[in-house]
Amino acid sequence: MVNITNKPDNHPLAEYITRLELGGALLPDKPENVPEVVGILKSYGVVLDAYSKNLIYFAENQFLKFFPFFKYFNGEITFKKLLRHWWHDRINFEYAEYCMKAMLWHGGGGLDTYLDSKEFTQRASVVIAEKFKNNPIILGLNNLFPDFLTEQLRVCAYYSGLGQFWRVMADIFLSLSDLYDAGKIKTIADVVSHIKNGLVEAASKPITYAVKIRGKVYDIIPASVGLTFLADTAVPYVEAVFFRGTPFHGTVSYNAQAYQIPPDQARFQYGALYADPLPIGGAGIPPTLLMQDMRHYLPEYLHEIYRRSRRGEDDLRVQICITFQKSMFCVTTAAILGLMPYSLDTEDPTEQKANRVYLQKWLDRLQPSRLQEVNKEESGDRIQKSE
């Protein structure tokens, strides 16, 4: 195990670095944290299952459609379903698209690199030509604006990539809940270990994308490109959604003279690990959609925890957001430990130093996040603290 006598005293989050070096998690291993994290991840897993299916359906069946009115219906269009859609009694797939657009905008990883390559452009041109071979007007427009339809296929590739990533994560979270119900998950360390093992197991899972046009299959991202789950979807997702995100309308000024939005998107800190839970529930705040979706699938033991808070379940979305951030710090811990340059139990001083530098870089980015807040909050008094 690492020599803990050499503590990172000069770092403002030194205690967290030491905790990780000892195999702990960013979230403290308190008994009350376990049912909260597992319960919210169960709900999140159900929602991600729906998000994943819709994203993949769109990528494979709604590609290059200019007005995909029924893109949220997964091919099942009925009057009853249409009424539920209008009444908003449905999964908010718009949040899935928000995450997809954040990944597309921030880029990173092999998927982003491939979508800017000549190979992708060539494959896209073949698909476009075949899709619209009987439509001279669209082909003429494509000649005038050669990047327009290619960009639409780039977007579809991100639909598919995020859908495949969330497919794996949904299975990890739902199996975590099953193990908890069976009494096999008892600590935060167990939660992190389960998620890390799932990430490692799926690390080399290929990311591919193909579409069918008049019965013929066309590869847009073939397996030969070598894109994989961890490096090309998981890591860019953490960067785009956990860390950077996008500024929420109505909470910051988009006026450049106000200097409320950094000019460099690499300095964005609007991701899930930084967001203030209090605006959750307000119109125009994208995570509100996710919290609204998860509230329908909370297990009863998590409802019971929320009922014991000062406001009961009157501010349920805010409480869900707080719990969700706790769970995301567990997922982040799993990612950090899974990407460690060397084993935690290494006895080599050089390797220990490399691990220390690696952890310090992560904690540098997490310093302005809500890490310290979720470590202070107790399930019974967190709402009192926010008053």
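Which charged residue lies over the face of F243, and at what distance from the ring centre? In this predicted model, the residue in question is R365, which is placed over the face of F243 at 4.3 Å from the ring centre.

Contacts between aromatic rings were examined next, and the count comes to 23 aromatic pairs. One of these is formed by F66 and F132, whose rings are 6.0 Å apart from centre to centre, with 20 degrees between the planes; the pair is classed as stacked because planes under 30 degrees apart fall into that category. F66 belongs to the loop between α2 (33-61) and α3 (79-86), whereas F132 belongs to the loop between α6 (118-131) and α7 (136-144), so the contact ties together parts that are 66 residues apart in sequence. The two partners can also be described by their accessibility: F66, at 39% relative accessibility, counts as partly exposed, while F132, at 7% relative accessibility, counts as buried.

A pair with another geometry is made by Y114 and F120, where the ring centres are 5.9 Å apart and the planes stand at 75 degrees, so this pair is edge-to-face. Both Y114 and F120 are buried.

Ring pairs also join residues into a cluster, which links Y51, Y72, F93, Y95, Y98, F165, W166, F229, Y237 and F242.

Definitions and conventions. Residues numbered from 1 in each chain as written. Predicted model: local features only at pLDDT ≥ 70, side-chain atom pairs only at ≥ 80, totals over all residues. Heavy atoms only, no water. Phe/Tyr/Trp six-rings, centres within 6.5 Å; stacked < 30°, edge-to-face > 60°. Helix = DSSP H or I, 4+ residues; strand = E, 2+ residues; numbered from the N terminus. Buried < 20%, exposed > 50% of the residue type's maximum accessible area, 1.4 Å probe, protein only. Lys NZ or Arg CZ within 6 Å of the ring centre and 35° of its normal.
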